[in-house]
Amino acid sequence: MARNYKKEYKNYHSKPKQKANRNSRNKARRKMVSSGKLKKGDKRDVHHKDGNPRNNSSKNLRASPKSKNRSRRLQESAYGV
């Protein structure tokens, strides 16, 4: 069964809270690029250490490989960390 992206956006991604989270993640990326910790087009993501996408303090942000950053949530939930 194929994903229904239109329904997914309507039910989740269009909500004000999710829009604010996405905006904050984009802001964190811009902050890391301007500070020189990341470059445009590199293969790394911005990791929020405390898991809160709205906390963009420099102590909470770290550059990490996409593979680690995007699998972290699954690993933590599977092992109860």
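Modeller: A residue is called buried here when its relative accessible area is under 20%, and exposed when that value is over 50%. The model is a predicted one, and the part I take up is helix H2, which covers residues 16–35 and includes Gln 18. With 20 residues at 1.5 Å a residue, H2 should span 28 Å, and its end C-alpha atoms lie 29 Å apart, which agrees. Along H2, the residues Gln 18, Asn 21, Ser 24, Ala 28 and Met 32 are buried. These residues are on the same side of H2, because they cover an arc of only 120 degrees around the axis. The face turned away from this buried side carries Pro 16, Arg 30 and Ser 34, which are exposed.

As for what lies over the buried residues of H2, the cover includes helix H1 (5–13), strand S1 (44–48) and strand S2 (61–65). Gln 18 has a relative accessible area of 15%, so it counts as buried, and, leaving aside neighbours within four places in sequence, Gln 18 is in contact with Tyr 12 and His 13. On the strand side, Val 46 lies in S1 and is buried as well, with a relative accessible area of 13%. Again leaving aside neighbours within four places in sequence, the contacts of Val 46 include Ala 28, Arg 29 and Met 32, together with Leu 61 and Arg 62. After H2 comes Gly 36, whose phi is positive, near 90 degrees.

Key: Residues are numbered from 1 along each chain as its sequence is written. This is a predicted model: local features need pLDDT of at least 70, side-chain atom pairs count only at pLDDT 80 or more; totals for chains, interfaces and linings use all residues. Side-chain values use heavy atoms; hydrogens and water are left out. Helices (H or I, at least four residues) and strands (E, at least two) are DSSP runs, numbered from the N terminus. Buried means under 20% relative accessible area, exposed over 50%, partly exposed in between (1.4 Å probe, protein chains only). Contact means heavy atoms within 4.5 Å. The expected span of a helix is 1.5 Å times one less than its number of residues. The arc is that of the directions from the helix axis to the C-beta atoms.
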